Amino acid sequence: LKLSPALSEVIGIQGFPISNVSFLMGFSNTGKTTALLEGIIAAQNQNVLPIILVTEKKFSFPHLKEMGFKCELVDVVDEETGEIQKQWEGDFIYKDDFLTSNEIYEFMNQIIEDTKNGKLPYNVCFFIDSLNKLPCKMSLEKAFEGGGGNMHNARTHTELFGGVLEPKITATKYEEIYPYTVSMVAILRGY
């Protein structure tokens, strides 16, 4: 996904590779979120469906739209209550209601399977802010017992991401197996 010339010059890369995984790491206010937003716009402009997964609850569609993302704020009627709610719509998928990192991995795995079997007939790119922010299911359960912690989270990330999702994402470069590409750009926070 080719990034804007200005950002490419500053960070020293042309863009994010397709059928691959890219991590954005660094201290606060170093441009991680800006690079992620630029990637989202680049994906949309290059006919790749952006799948925006947010764990930090600070995502700004107005800011993204100002940067050139194609989306609109529309009124949507809640079928259960009849209330009118505002919702951003466009050519993207947005999800921010994850409670554990396991839920993120399960959602991503389903999307990968849906692209493979044609239920989601698009080249896609996951954009995650941030991948390792949420606790894993085991850590959350152990927290109620006075345990849990970063070791459980790291193990879950290694097993589910490194052992399952990353190999599937990189395998999407093989057209004979996957008709559509899957890529990922994620912000990682330090512990």
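Colleague: Is N153 buried or exposed, and at what relative accessibility?

Modeller: This is a predicted model, so read every value as computed from it. N153 counts as buried, because its relative accessibility is 10%. The residue lies in helix α6, residues 150–171.

Colleague: What does the side chain of N153 contact?

Modeller: The backbone nitrogen of C136 lies 2.8 Å from a polar atom of the N153 side chain.

Colleague: Now the cysteines. How many disulfides are there?

Modeller: Start with the general idea. A disulfide joins the sulfur atoms of two cysteines covalently. Here the count is zero. C71 is in no disulfide, and the nearest cysteine sulfur, that of C125, is 17 Å away. Seen from C125, the closest cysteine sulfur is in C71, and 17 Å is too far for a bond.

Colleague: Are C71 and C125 buried or exposed?

Modeller: C71 is buried, with a relative accessible area of 3%. C125 is buried too, at 1% relative accessibility.

Colleague: On to charges. How many salt bridges does the model hold?

Modeller: Side chains of opposite charge can pair when their charged atoms come close. The count here is six salt bridges. One of them joins K86 to D75, with the closest N and O atoms 2.8 Å apart. K86 sits in strand β4 (residues 84–90) and D75 in strand β3 (residues 71–77), so the pair ties together parts 11 residues apart in sequence. K86 and D75 are both exposed.

Colleague: Which residue pairs with E113?

Modeller: K168 does, and the closest N and O atoms are 3.0 Å apart. This pair links distant parts of the chain: E113 is in helix α4 (residues 101–116), K168 is in helix α6, and 55 residues separate them. E113 is partly exposed, with a relative accessible area of 26%.

Colleague: What about R155 and E159, and where do they lie?

Modeller: Both are in helix α6, four residues apart, about one turn of the helix. R155 is partly exposed at 40% relative accessible area, and E159 is partly exposed at 47%.

Colleague: Last, the surface. Which residues make the nonpolar patch of about 270 Å²?

Modeller: V10, I11 and I13. I13 is in the loop between α1 (5–11) and β1 (21–24). I13 is partly exposed, with a relative accessible area of 37%.

Methods:
Residues are numbered from 1 along each chain as its sequence is written. This is a predicted model: local features need pLDDT of at least 70, side-chain atom pairs count only at pLDDT 80 or more; totals for chains, interfaces and linings use all residues. Side-chain values use heavy atoms; hydrogens and water are left out. Patches are made of residues with over 30% relative accessible area and no salt bridge: like charges are joined within 9 Å, nonpolar side chains (Val, Leu, Ile, Met, Phe, Trp, Tyr) within 5 Å. Accessible areas come from the Shrake-Rupley method with a 1.4 Å probe; for residues, only the protein chains shown count as cover. A salt bridge is a side-chain nitrogen of Lys or Arg within 4 Å of a carboxyl oxygen of Asp or Glu. Helices (H or I, at least four residues) and strands (E, at least two) are DSSP runs, numbered from the N terminus. Buried means under 20% relative accessible area, exposed over 50%, partly exposed in between (1.4 Å probe, protein chains only). A disulfide is a pair of cysteine sulfur atoms within 2.5 Å. A polar contact is a pair of N or O atoms within 3.5 Å; within protein, one must be able to donate a hydrogen and the other to accept it, and residues adjacent in sequence count only if both atoms are side-chain atoms.
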